[in-house]
Structure formats: C-alpha cells, structure tokens
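My notebook is open and the model is loading. I'll jot down what I look up, one topic at a time.

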Amino acid sequence: MGKEKEIVVSGIRSTGILHLGNYFGAIRNYIRMQEEFNCYFFVADWHSLTTHPDPKALRGNVFRVLAENIASGLDPEKVILYVQSDIPEIAELYLMLNMMAYKGELEKVPTFKDKVRQNPDNVNAGLLTYPVLMSADILIHRGLKVPVGKDQEQHLEMSRNFAQRFNNRYGYLFPEPVPFNFGDDLIRIMSLDGNGKMSKSENQNATIYLNDTDDAIRNKIKKAKTDSGPQAPNSEKPDYIANLFTIMRLVSTPDTVRHFEDAFNNCSIRYGDMKKQLAEDMAAFIRPIREKAEAIEHDAAYLNRIMRMGAEKARESAAATLREARKLMGINFY
Ligand code: TYM
C-alpha cells in the first residue's frame, strides 16, 4: 500500500484577469503539485463578493480563472478543480469557525486594514471575516499544504489558529495548514512601477496580465522603473531592480540572468538591454498561455463539465469533514 498523498488546497478570486503574481505565487506551484499530491484547486467566487461585482461580469470572471488555470497546465483529470459556491458545505464550516474567530484579531489583519483604508465606505462583515472563509476553504478538505504567494502568509497563520482552537475545544479534526512554495521563500512579485505588490486592480500599466499581447508586454516592461545604475561594484539592488531580476529568473535562461547579474555587479549594466531581453522572454512565456486561455474561456460546455465534475468530488470530501465537525460539536440529533 502506498502512502496517502498529502492534501493540497488553494484558491484564486474571480476578480479579473490573472497576472504574473498569481502565476508565480500560485499557479506555477499548482502545476507541479498536481503530480505528487491530492489537490483541490478552486475559484473563490464568494470571496470576490466583498467588492460587490456586477452579477453579469462574475460569470465571465469565473470562467476566465478556470480557463487560465487549465491553459497554464493544470489538468482537471489530475486535480479537483471547482468553484467555491458549488460547495455549500464550505459556508456551513465558515459559520462554525466564525464562533471561534474574535473581532479583535480579525480587525488586526493587515489585508483588512488595507481594505478599510482603500475603501472606508465598504467595510462589510464579509471583509472582516474574509480569513475565516479562507480557513473554511482549506479546512473543509483537511488541507495541509497551501500554495500561495507571500501576501497570504498572515491568512494562513489565522487558519492554523482556527484549526487549533477547534481541535482543542472539540477534539482533533484539522491538521494545521502551512503555506507552500517549491523552492524556498514564498513569492512576492512587485508592481513594475515599484509601488507595492503586483495586483489585479492597481496600476494596470505596471501589471503583466496573462492575456497581454506581445506588444503590451514590451511596452509595460519598457516603462518599468529603473535608475541610472549602480554606482559601486556589488551594490545592493534597490527593490524595483531586484524585482526585475526576480521576474527575469522566472522566464529567462540561467545564462541570461547570470549575464545581467554580472553586468550589475561590475556596474556595466544597461537597463534598456536588460528590459529588451526580459520583454522578449516574457512575451514568449505568456503567448501560449494567452492563446490557450482564449480558446478555453469561450467553451462554456467544456468548462461546465469540468466544474460539475470538480464540484461532485469536492463535495464528497467536504461532506465527510462536515459530518465529523457536526459530530464533534454535538450537532448530530438523529
Ligand atoms: P488572490 O486571488 O488575490 O491571488 C491568488 C494567488 O496569487 C497570489 N498572488 C501573488 N503572489 C506573488 N506576488 C504577487 N504580486 C501576488 N498577487 C497575488 C496570492 O498569494 C494567491 O496565492 N485569499 C486568496 C484566495 C483564497 C485562497 C483560499 C487561497 C481564498 N480561499 C484558500 C488559498 C487557500 C486571494 O485573495 O488570492
């Protein structure tokens, strides 16, 4: 008998076209993990409701995320790929976990504080309990490894707290989930303008989307923030330059990266040349994903089939966990 495969869970919100950060923080790991683990990957459509998306646009966004996952190499036969709102068991576990989540700790979450700052008129309870819903997503399958970017680290810490609290109060049910990235540290891709992390909604000219044309990619990289170059050999890189190297390491050959690293270290680097090379390598990287996603995204029959198949399998696992949770909590009257 083989060892049970570890359970992996991760989701992406349906809030727009995916970008490089989503790809390298999350999807790239999904593709590799599908070979070795028992994977549950989903579109977090409930999470996207905090910002009240247009109901008509939501469907397109959900289809788009599914298509981009598949176009990037995710195999719906190997992983369980589904839409969060197809699994009502998640909402029930969310309710249970809400009883173990305290207002004070939720208010301290940095992503919550950011949202309050950005949108003071829409501080809804869904936003406050966002990390609880996220924990329910993971714990519903008793997930252990969670491939995410660095921005989700704090949320995962809360998931471990909620799991622990439940286990302590009612008896062991949930493993404590940990963030995961192949390689070492969790990834954080910065915006090309050097202002914070790359994100779906902020400066679109400084965000590389998985549906950008070759020319759009060239233009955006050309405008990426640089400076006049290092003044002394082996200087430390400013964060916006380090980000260009991070991105280059992801899409260019090791030889190319070494060439520009050396040029940086001996102060002969010309950022124009580096950007030109990076733009070509990036365009070559994005092109097949863009073309494949375009074809899949409009094949509603195919995507519906995948969603149904995924939902059926995900509900099986979710229902089993929920049965245990109810039993432990004493909600089993028949
Ligand atoms: P979301 O939709 O904002 O992002 C999806 C994934 O992309 C990663 N990511 C990044 N990684 C590196 N650099 C960036 N600039 C960057 N921007 C985004 C995110 O870390 C994430 O892995 N709360 C989640 C969705 C979610 C979820 C879950 C994730 C809901 N339930 C359960 C894991 C497990 C979110 O908003 O991701």
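Buried here means under 20% relative accessible area, exposed means over 50%, and partly exposed is in between, with a 1.4 Å probe and protein chains only. Strands (E, at least two residues) and helices (H or I, at least four) are DSSP runs, numbered from the N terminus.

Before going on, I note that this is a predicted model, where local features need pLDDT of at least 70, side-chain atom pairs count only at pLDDT 80 or more, and totals for chains, interfaces and linings use all residues. Residues are numbered from 1 along each chain as its sequence is written, and side-chain values use heavy atoms, with hydrogens and water left out.

Which strands pair with β2? Strand β1 (residues 7-13) does, in the parallel sense, over seven bridges. I7 has N38 of β2 as its bridge partner. Between the two strands the chain passes through helix α1 (residues 20-33), and this β-α-β crossover is right-handed. To check that, I point the strands away from me: right-handed means the path from the first strand over the helix to the second runs clockwise.

Strand β3 (residues 80-83) also runs parallel to β2, joined to it by four bridges. There, Y40 has I80 as its bridge partner. Pairing, by the rule I'm using, takes at least two DSSP bridges between two strands.

**Two domains**

I find the protein chain divided into domain 1 (7-187 + 299-329) and domain 2 (204-294). These bounds come from an automatic or database domain assignment. The C-alpha centres of the two domains lie 31 Å apart. At the contact, 13 residues of domain 1 meet 14 residues of domain 2, where contact means heavy atoms within 4.5 Å.

**Cores**

Next I looked for nonpolar cores, meaning sets of buried Ala, Val, Leu, Ile, Met, Phe, Trp, Tyr and Cys residues joined through side-chain atoms within 4.5 Å. Which members of the largest core touch the most others? They are L192 and M282, in a core of 65 residues. Helix α13 (residues 271-297) gives the most to this core, with 10 residues. Both domain 1 and domain 2 supply at least three residues each.

I then followed L192 itself. Leaving aside neighbours within four places in sequence, L192 contacts M198, A206, I208, K220, I221, A224, K225, L244 and I247. Apart from this core there is another one, of 34 residues, including L127, V132, F162 and A318.

M190 sits in the loop between β5 (178-180) and α10. Is M190 buried or exposed? It is buried, at a relative accessible area of 7%. I noted that N243 is 53 residues away from M190 in sequence, yet their C-alpha atoms are 6.2 Å apart. Not counting residues up to four places away in sequence, M190 touches G196, K197, M198, D239 and N243.

S159 is in helix α9. I get 0% relative accessibility for S159, so it counts as buried. Beyond its neighbours within four places in sequence, S159 contacts S135, I138, L139 and P177.

**Salt bridges**

How many salt bridges are there in the whole structure? My search finds 21. The rule is a side-chain nitrogen of Lys or Arg within 4 Å of a carboxyl oxygen of Asp or Glu.

I picked out E105 and R165, whose side chains meet at 2.7 Å, N to O. E105 lies in helix α5 (residues 103-107) and R165 in helix α9 (residues 153-170), so this pair ties together parts 60 residues apart in sequence. E105 is buried at 19% relative accessible area, while R165 is partly exposed at 24%.

D212 and K220 form another salt bridge, at 2.7 Å, N to O. Both of these residues, D212 and K220, are buried.

R218 and D215 meet at 2.8 Å, N to O. Both lie in helix α10 (residues 214-222), three residues apart, about one turn of the helix. R218 is partly exposed at 29%, and D215 is exposed at 51%.

My last entry is a network: salt bridges link R64, E68 and E297.
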